[in-house]
Amino acid sequence: MELDIFLEYDKWANKKIFKSIQQVKSEDHRPEMQKLFAHLLAAQKIWMARITGKPTELGIWPDLILQEIEKLLNENPYQLKALISEKDETISYKNSKGEQFQNSVEHILMHLTIHGQHHRAQIAKLLRAAGITPPRTDFIFFIRTI
């Protein structure tokens, strides 16, 4: 399968989760959901910065309000998709612990979709605890929509 379908899936699933987070009224549950979702989106920004060599001021676990999260939610998919043309390139980077690695851009973009699914599942569990039925964000549900 082409990489762009996975990035489209990630965008679709993130928008569904964000809409559910916005429905949460209880302050007992929303902060943890926001923290996880902000991390998911910040990780995308950090990986894009590693790929492009452009700095980002975001930390790996930023404390963002819903408006800041929404801004990343809208920006990231277009910036990620622009990197598909570089999928065959290998980049060298340091992780958050300062360790040096090399990976292809394609593998990094795939990592981001898998990483996103992991955190969306955590958020789904928190949504259930808040009394909200989480949206179906599995890949197969996305494929059925296209």
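Predicted model: local features only at pLDDT ≥ 70, side-chain atom pairs only at ≥ 80, totals over all residues.
Ground rules, quickly. Numbering starts at 1 along each chain as its sequence is written, and side-chain values use heavy atoms, without hydrogens or water. Local features need pLDDT of at least 70, side-chain atom pairs count only at pLDDT 80 or more, and totals for chains, interfaces and linings use all residues.

Helices first. Take α2, residues 30–52, and α4, residues 105–129. Helices here are DSSP runs of H or I, at least four residues, and strands are E runs of at least two, numbered from the N terminus. The two axes sit 9 Å apart, at about 175 degrees. Axes are lines fitted to C-alpha atoms over the stretch in contact, with angles from 0 to 180 degrees between N-to-C directions. So α2 and α4 are roughly antiparallel, meaning over 145 degrees. Contact means heavy atoms within 4.5 Å. On α2, the contact residues include Phe37 and Trp47. On α4, they include His115 and Leu126.

Now the strands. β1 covers residues 90–94. Ile91 and Tyr93 point to one face and are buried, that is, under 20% relative accessible area with a 1.4 Å probe, protein chains only.

β1 pairs with β2, residues 100–104, antiparallel, over five bridges. Pairing takes at least two DSSP bridges. Isoleucine 91 faces asparagine 103; lysine 94 partners glutamine 100.

Definitions and conventions: Parallel < 35°, antiparallel > 145°, perpendicular 65-115°, else oblique. Buried < 20%, exposed > 50% of the residue type's maximum accessible area, 1.4 Å probe, protein only.
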